[in-house]
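Hi everyone, thanks for making time for this. Please have a look at the structure on the screen, and then we'll walk through a few parts of it together.

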Amino acid sequence: MKSCQSRIYGAEFSQEEIREAVQNGRLLSMELEFNRSCNFRCIYCYAANNSFYENELTKEEFHDVIVQARDLGAKKIIVLGGEPMLYPHILEMIRFIKKQGMEIELFTNGARITPSTAQVLKDNNVRVVLKMNTFDESLQNKLSGKKDAYTQIHEAFKNLKQAGYPSEDGRLGVSTIICKQNFDELAQMWEWLRDQDIVPYFEMITPQGKARESEYLVVEPDKIEDLFCRIAKLDREKYGYQWDPKPPLVGGECLRHQFSCAVSSQGDVQPCVGVTVTVGNMRERKLKDIITDSEIIQDLKNYQQTIKGPCGECAQLSECYGCRGAAYQLTGDYLASDPLCWKNAQKQDDIVSLPVEASRLVPHKPPMLMLDRLLTVGERASLSEVTVSEDSIFLKENGMIDEAGYPEIMSQAVAAQEGFKNLGKSDQPEGYLLGVKNMEILGTAGPGDRLVVSVYKVAKYGDFGIVRGEIFKDKEVIARGELKVWQGETAAGE
């Protein structure tokens, strides 16, 4: 039996390589957008729109991004979009990546893949992944939002085959989303691709962008499981590939966050295109520093210790953590269990979504507890909500919050952010407010006022952290300052 490791998209790295990358803060691959423009309007696209994006990186800046990834150990650049073949310098970039000694995987809808372009791709050993969702012409056009999408895809397919795809030095894959409309033909389509030595890349839809508006595409979890199992049996019995069904990829797993990251056409660095949290920008900092300093990336690298809920208790945790994009898009938490995994279909109540009541996250009790709920969590940052209560112990005689109340509100917001990260763990870290610096009181608040609290961890030194906080009322800042906090593991036996 063969392990299904030839599938395009990162599963070809060994466990030893991945462990080394995690331990040393290195990359094995990087996903890169050269542009966001696209000639398709796919109704399931992760992008909210495909319009022209201003302020995209220059050629020289892209060169620098690629070199930085190479220096961090990346062996491969995965080119996404938009539609990358619409980028005017795409062939130049492919040659540049090749010159760095790196492999290239290109996800494309087939735009502008003429016979000569296909030959350039083949000459540079580009692994081409062609987006094709169905054998049905009208359905392909509908899913793509373009009336001649089917024709364009198949013309590109013909030109790629004439150039020598698929072959040992010109691997060809087909990227296919799983939806209700193409569901019944997917097993047949998988078999057709295998027979031609084309790598099938079948994927569950991540509920983001346009897909959030297209619920009619959604397939029920039990049917998804059945499809994965049927294709696994087909692959095992007919083609000798052995793999365990698990979402979100048929015949593979997504563990990319241990060894990869995504860089947008504007230089924003994200864990992947599904976890849409910017952890830094290439115009402002070096890639190495962004990856090293990002708490989100570090959390995902160490997922076996950080994933929450049913996924954290799953027997397949060592090789699967579901789809982080689906988890983030549906719960607001990149460490949440994947709500779309069929194993979690009956465990939805065990998957916590934001916003979360503060009483679950912080040790304070009324009337000391001022925070109502945690709203959002990002890179070192969060937003929380307070509705000032009439019985708050921080009210002065005139009914307004005492100055000492504002740093307390901020410290509770910090506690809620950390409490959410560790929600469900038996050993919660302890936290203490050590000091307040540069506190400015710029306004007032009293009973009934709704306040939004923004906290951002500016720096961390071991268990000590410096947090910048702001409190808003009606979008106006009424207090701001810095807190020095200590957060450490609870001592054993305490």
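Let's start with a strand: is E4 mostly covered or mostly exposed? E4 is mostly covered, as five of its six residues are buried. By buried I mean under 20% relative accessible area, with exposed being over 50% and partly exposed in between, using a 1.4 Å probe on protein chains only. Helices (H or I, at least four residues) and strands (E, at least two) are DSSP runs numbered from the N terminus.

Before going further, a word on the source. This is a predicted model, where local features need pLDDT of at least 70 and side-chain atom pairs count only at pLDDT 80 or more, while totals for chains, interfaces and linings use all residues. Residues are numbered from 1 along each chain as its sequence is written, and side-chain values use heavy atoms, leaving out hydrogens and water.

Now the sheet. Nine strands form an open sheet in the order E7-E6-E5-E4-E3-E2-E9-E10-E11, with mixed pairing. Its edge strands are E7 (199-204) and E11 (280-281), each of which pairs on one side only. Two strands count as paired if DSSP finds at least two bridges between them. E3 (residues 76-80) and E4 (residues 103-108) pair in the parallel sense over four bridges. Along that pair, valine 79 stands opposite leucine 106, and isoleucine 78 stands opposite glutamate 105.

H6 (residues 149-162) touches E5 (127-131) and E6 (172-178), and its direction makes about 155° with that of E5. H7 (residues 186-195) touches E6 and E7, and its direction makes about 155° with that of E7. Contact here means heavy atoms within 4.5 Å. For the angles, axes are lines fitted to C-alpha atoms, for helices over the stretch in contact, and the values run from 0 to 180 degrees between N-to-C directions.

What does valine 120 touch, not counting residues up to four places away in sequence? The answer is Leu91 and Arg95. Valine 120 sits in helix H4 (residues 115-123) and is buried, with a relative accessible area of 18%. Valine 120 and alanine 163 are 43 residues apart in sequence, yet 8.8 Å apart in space, C-alpha to C-alpha.

On to the backbone, for those of you who like checking torsions. Most residues other than glycine have a negative phi, and most peptide bonds are trans. Asparagine 125, in the loop between H4 and E5, has a positive phi of about 55° and is partly exposed at 31% relative accessibility. Arginine 380 has a phi near 60°; this residue lies in the loop between E13 (373-377) and E14 (381-387) and counts as buried, because its relative accessibility is 15%.

Which peptide bonds are cis? One of them runs from tyrosine 165 to proline 166, with omega near -15°, and proline 166 is in the loop between H6 and E6. Another runs from proline 247 to proline 248, with omega near 5°; proline 248 is in the loop between E8 (241-242) and E9 (262-263).

That's my tour, so over to you for discussion.
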